[in-house]
Amino acid sequence: MSGMGNYLKKHTEALVKDVGIEAACTLTGKSKATLGRYYSDSDEHADRFMPIDAVAALEEASRYPHVTGALAELRGITMSYDQSRKNSAEGGVNADVVALAQRFAMLMSEYNQSIEDGIITVNEAKRLLRETLALQHVLMDMKLHLEEEGQKV
């Protein structure tokens, strides 16, 4: 089995154990044996991986998106995990535009303070990164709201 396959199977196992085997069976509609095959490192199950809809159902119930995190790492992508799960229908696009303007103003304020002396320190860079990530979350909420609006038409 490839290193990538092994890596994904280990994270699949972590996901199932995070949720609990009984709960995982209920959420996915799969048996314990089937779930076990998805993370088995046995040669006969080397090509078996959990379907994406089952991964999504389990990650919704888990404390951390184990498989999604593993996939991101394999692609060299950095994930920012926000426990608040704020992607809801509250407010809609108009509220997102206001939040976007506010977050951008905060980012520019941080940037202005950071470059005042001509040097961006490590702490200043961390604050800029935090504001950038917050801005990214607002943009994601806005994207989801716009997609919802597009489906209504």
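Reply: Start with the pair itself: α1 and α5 pack at an angle of about 155°, their axes 8 Å apart. Axes are lines fitted to C-alpha atoms, for helices over the stretch in contact, and angles run from 0 to 180 degrees between N-to-C directions. So α1 is roughly antiparallel to α5, a label for angles over 145 degrees. On the α1 side, the contact (heavy atoms within 4.5 Å) is made by Met4, Tyr7, Leu8, His11, Thr12, Ala14, Leu15 and Asp18. On the α5 side are His66, Val67, Ala70, Leu71, Glu73 and Leu74.

This is a predicted model: local features need pLDDT of at least 70, side-chain atom pairs count only at pLDDT 80 or more, and totals for chains, interfaces and linings use all residues. Residues are numbered from 1 along each chain as its sequence is written, and side-chain values use heavy atoms, leaving out hydrogens and water.

Now zoom in on His66. His66 lies in α5, residues 66–74; helices are DSSP runs of H or I, at least four residues, numbered from the N terminus. His66 counts as buried because its relative accessibility is 16%, and buried means under 20% relative accessible area with a 1.4 Å probe, protein chains only. Leaving aside neighbours within four places in sequence, His66 is in contact with His11, Ala14, Leu15, Asp18 and Glu59.

Terms used: Helix = DSSP H or I, 4+ residues; strand = E, 2+ residues; numbered from the N terminus. Buried < 20%, exposed > 50% of the residue type's maximum accessible area, 1.4 Å probe, protein only. Parallel < 35°, antiparallel > 145°, perpendicular 65-115°, else oblique.
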